[in-house]
Structure formats: C-alpha cells, structure tokens
Amino acid sequence: MAKMGKRYKGLLEKVEATKLYGFREAVLLVKEIANAKFDESVELHVRLGVDPRHADQQVRSTVVLPHGTGITKKVLVIASGEKQNEALEAGADFVGGEDMVAKIQGGWLDFDAVIATPDMMKSLGRLGKILGPRGMMPSSKTGTATTEVADAVKEIKAGRVEFRVDKFGIIHNGVGKVSFEKENLVENAVTLLRAIVKAKPSAAKGQYIKSLTVTSTMGVPVKVDPNAAQKEVVVTE
C-alpha cells in the first residue's frame, strides 16, 4: 500500500469524510484547499443509475463551458476542398484529408480533438481502433462529424467538452483550474452537471445520479449530496 504523504493527510483534515456537501460548497472547498505545486484541474466524478451495456442507456453529449477549461486543445480537422480553408481560418491546428488518415495510422497522435466532414467518415473508419479508445472518433452526436467545421473548431477552442459514461456508469470530466475565479469555476461546474442531467436517457429508471464527487488533480474527494445538487442546477423553463 502506498504511503500517505504529509500534504495529503493535511488535506484530509480539511474535508469531513462522512458529510455530503452542497454542490457549490464542494467546488469552492476543492479550490480553497488545493495546494499542489502546479495549477490543478478541478474534476467532477458522477456515478449514474444507468446500464451502459444497453444502447438506450448511453449518456454522451457535449457542452461549452462558459469560462473554458484552462487547457488549450490542439484540434485536427480532416476534410476536403474548401472545408480545409474554413478550418484553417477558424483556428484549427492541423488540417488535411487522406494524408492525415495515413499519418495517424503511422502512429501520429499529437492532437486533442478530431473534427471530420461526413464525406471523410468512410476513410476514418480505418482509425476506429486508434481514435475510439481515446474518445476522439468523430461523431454526429458530439458535433465532431459535421459540415460546419468552422463552428466546431471555434467551440472546442472556446471550451467545448465531451462527456461520456464509461463502462462502470461513471462520467469523469474537468471543469477548469483551481486558479479560476470562484464564480467562474462554479458556473463551469453547474453548466456541466446541468448538461448531464439534461442528457438523462428516457430508458433510465430510478435514481439517475447515484453519487457525485468533486476533486482536484492531487486533492481529496469531496462528496456531494446528489439530490440537492440536481435541484441546485435545474433550470425552470
């Protein structure tokens, strides 16, 4: 068993292990106690009451965080013709067609997000085993398989993130950095949780959010009351 350091023990003393915190309260506490020697990411870990083995209980979508992620993503666009120029003008880091497909097959992976036009998706089929496990395979569901490449590039650069339930029914996503202003960090966290609630599959029965934890990269988990958190982020139409 790994030895617990003095820094981590100190953090544990600042968090009540048995308490279920309010959502906003938890986000602010994580920011307050973070003390690593770098700008840590603040993360949400949400365990859902869904069975990911069933297609009608998959939870996957995207959302634009209003204050970005604090991370500049390298965006690759795979397109043809004029769409390549549109991508470059929108700020894409890498643009190409079949040449990029071949480059990826050769082992190149120096990018964080992939956008492709529908006419290139057949060629990208060869990259399923490479991009799929990394969560970077373009999809119409996430807006990364689209003819609107310029809009997609700008949104990703501005802070659009994809959230996706894993095989254990958990969503793990960052919502910013501990250096963010308090209200900006809270607003990002609320935006993501609200999107997860909105993405609830109609086939999901019973309690949707089973547990919710907020933490930082090197921090301790702060447990949140899931029922109160959902009420906290709900938007009345």
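Keep in mind that the model is predicted.

As a reminder, strands of a sheet pair through backbone hydrogen bonds, either parallel or antiparallel.

Now look at strand 3, residues 75–78. Three bridges join strand 3 to strand 4.

Next, helix 4, residues 98–105. Which residues of helix 4 are buried? They are Met-100, Val-101 and Ile-104. Looking down the axis of helix 4, these buried residues fall within an arc of 105 degrees, so they line one face of the helix. What covers them? The cover includes strand 3 and strand 4 from the sheet. It also includes helix 5, at 121–124, and helix 6, at 128–131. After helix 4 comes Gly-107. The phi of Gly-107 is positive, near 115 degrees.

On to the aromatics. How many aromatic pairs are there? The count comes to two. One is Phe-94 with Trp-108. That pair is edge-to-face, with 5.0 Å centre to centre and 90 degrees between the planes. Phe-94 sits in strand 4, and Trp-108 sits in the loop between helix 4 and strand 5, so the pair ties together parts that are 14 residues apart in sequence. The other pair is Trp-108 with Phe-111. Here the centres are again 5.0 Å apart, but the planes make 55 degrees, and the pair is tilted. Phe-94, Trp-108 and Phe-111 therefore belong together as one aromatic cluster. Are Trp-108 and Phe-111 buried or exposed? Trp-108 has 16% relative accessibility, and that counts as buried. Phe-111 is buried too, with a relative accessible area of 5%.

Now the largest nonpolar core. It has 42 residues. Phe-23, Leu-48 and Val-214 have the most contacts inside it. Which element gives the most? Helix 8 does, with eight residues. In soluble globular proteins, nonpolar side chains tend to be buried together.

Stay with Val-214 for a moment. Leaving out residues up to four places away in sequence, what does Val-214 touch? Its contacts include Phe-23, Ala-26, Val-27 and Val-30. They also include Val-42, Glu-43 and Leu-44. Val-220, Pro-221, Val-222 and Val-224 are on the list as well.

Last stop, Lys-200. Where is it? Lys-200 is in the loop between helix 8 and strand 8. Lys-200 is partly exposed, at 38% relative accessible area. With residues up to four places away in sequence left out, Lys-200 touches Gly-206 and Tyr-208. Now compare sequence and space for Lys-200 and Val-50. They are 150 residues apart in sequence, yet 9.0 Å apart in space, C-alpha to C-alpha.

How values were computed
Residues numbered from 1 in each chain as written. Predicted model: local features only at pLDDT ≥ 70, side-chain atom pairs only at ≥ 80, totals over all residues. Heavy atoms only, no water. Pairing = 2+ DSSP bridges. Helix = DSSP H or I, 4+ residues; strand = E, 2+ residues; numbered from the N terminus. Buried < 20%, exposed > 50% of the residue type's maximum accessible area, 1.4 Å probe, protein only. Arc of directions from axis to C-beta. Contact = heavy atoms within 4.5 Å. Core = buried A, V, L, I, M, F, W, Y, C linked by side-chain atoms within 4.5 Å. Phe/Tyr/Trp six-rings, centres within 6.5 Å; stacked < 30°, edge-to-face > 60°.
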